[in-house]
Amino acid sequence: MGKKRKWMLIVASLLLISCVVPLHNVDAADEEKKEGLLLTKKELGLKKLDTSQPAARFMYNSGFKFEYPDAVRGIYVTGPSAGGKKMSELTKLVENSDLNAMVIDIKEDHGNITFQPEKGSPYADIAEPFIDDPKKMLKTLEEKGIYPIARVVVFKDSMLAKQRPDLSYTKNGKVWVNGRGEAFVNPFLKEVWEYNLDIAKRAAELGFQEIQFDYVRFPEGFGNRDSVLEYDQGEYADLEMEEVQKRVKAVTDFVAFANKELSRYDVDVSVDIFGYSATIPEAPNIGQNFSKISENVDVISSMIYPSHWGPYFGITKPDTEPYRIIDEYAKVENEVLSKLENKPTSRPWLQDFEAPWLYSGSTKQYGKSEVEAQIKALEENGIHEYLLWNATNNYTSNVDYTPMN
């Protein structure tokens, strides 16, 4: 159960108690007052503070009122889409269907933030302010009942790697990049954690109801190249454990740190994770352990696009069998999550795009039936939340987003 639904239960309980016992209300009216309590009275003189009862817990209030949907059914929205003409089209798609949420880029894949920060901000140099007025955007979403989720890409960050090579990986004195020319920053370093959490907190202060962390991992294939790269292991250098376990611990520790740091913002915390991570004890190269990450988040979002599986679950070409691959995955995930004491909400990423790179001839087309097949497979396995990915935000029309109803 997510923080917001837990918080709703707490509020309901407090309302019942308030019939008998008066409560003190604590709110953050603005950023200047957010570090202290709002005083309702001013008394002269001094008196001894009664510390016999615990102090009220500070909770940041952005001023927006969003309700958590019956089940989140969302789409991915890039910064340019969110700040451009495309947003009107996407808003209508959600408003006129059973969709109810948007995952909006706040820190995108290159490391840029997608809005203009305040004057003098340390993030001014990495701003690509596609969203000129995020508060206005969120107000529109609030009015239309669309649940806003901020996507923050963490350890894939070419901008930070270029500015601070010491926070990245180097080879022969230059920042290492993968085959796509992308640079990563180092999950072992807490300075990198804090850098990303500061951006996440700003998204929460704007009014986003959930922070979704993506690329919470080491680069793909890192275990095969870590010996030829130069990088700092920080506090993990002296730990007496295998390198694989160091990577797993660093990634897991970051997620736990993020959850703790965001606890006073009344936002849910979610993490995107490779789908295959749920089918193995842990992904050794990239440091992802599905169970350990899941224990530290409100929502786990496995990326289970049919096109991203090789032959798996006995299915030779998963991209051509969207229902079957999602059905097989869901069974495995349910089993893994059932063993956790604190089970997060499952909200997988589904495919609404074609994968021509898989075919030498005609490409399997993804339309209404393929999208609905994936949703149905989740529903039949008791997974009611999902997100749709299309990198260009061109989503299939006339889809029944609740095909089991």
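**View 1. The largest nonpolar core of the predicted model.** Met102, Ile104, Phe213 and Phe254 touch the most other members among the 109 residues of the largest nonpolar core. Such a core is a set of buried Ala, Val, Leu, Ile, Met, Phe, Trp, Tyr and Cys residues joined through side-chain atoms within 4.5 Å; buried means under 20% relative accessible area, with a 1.4 Å probe and protein chains only. Helix H6 (residues 190-206) gives the most to this core: nine residues. Helices (H or I, at least four residues) and strands (E, at least two) are DSSP runs, numbered from the N terminus. This is a predicted model: local features need pLDDT of at least 70, side-chain atom pairs pLDDT 80 or more, while totals for chains, interfaces and linings use all residues. Residues are numbered from 1 along each chain, and side-chain values use heavy atoms, without hydrogens and water.

**View 2. Surroundings of Phe213.** Beyond neighbours within four places in sequence, Phe213 is in contact (heavy atoms within 4.5 Å) with residues including Val152, Leu197, Phe254 and Val271.

View 3. Seven of the seven residues of E5 (residues 147-153) are buried. Tyr147, Ile149, Arg151 and Val153 point one way; Pro148, Ala150 and Val152 point the other way. In a regular strand, side chains alternate between the two faces of the sheet. E5 pairs (at least two DSSP bridges) in the parallel sense with E2 (residues 101-107) over six bridges. Asp105 stands opposite Arg151. E5 also pairs in the parallel sense with E8 (residues 210-214), over five bridges. There, Glu210 is the bridge partner of Ile149.

How values were computed. Buried means under 20% relative accessible area, exposed over 50%, partly exposed in between (1.4 Å probe, protein chains only).
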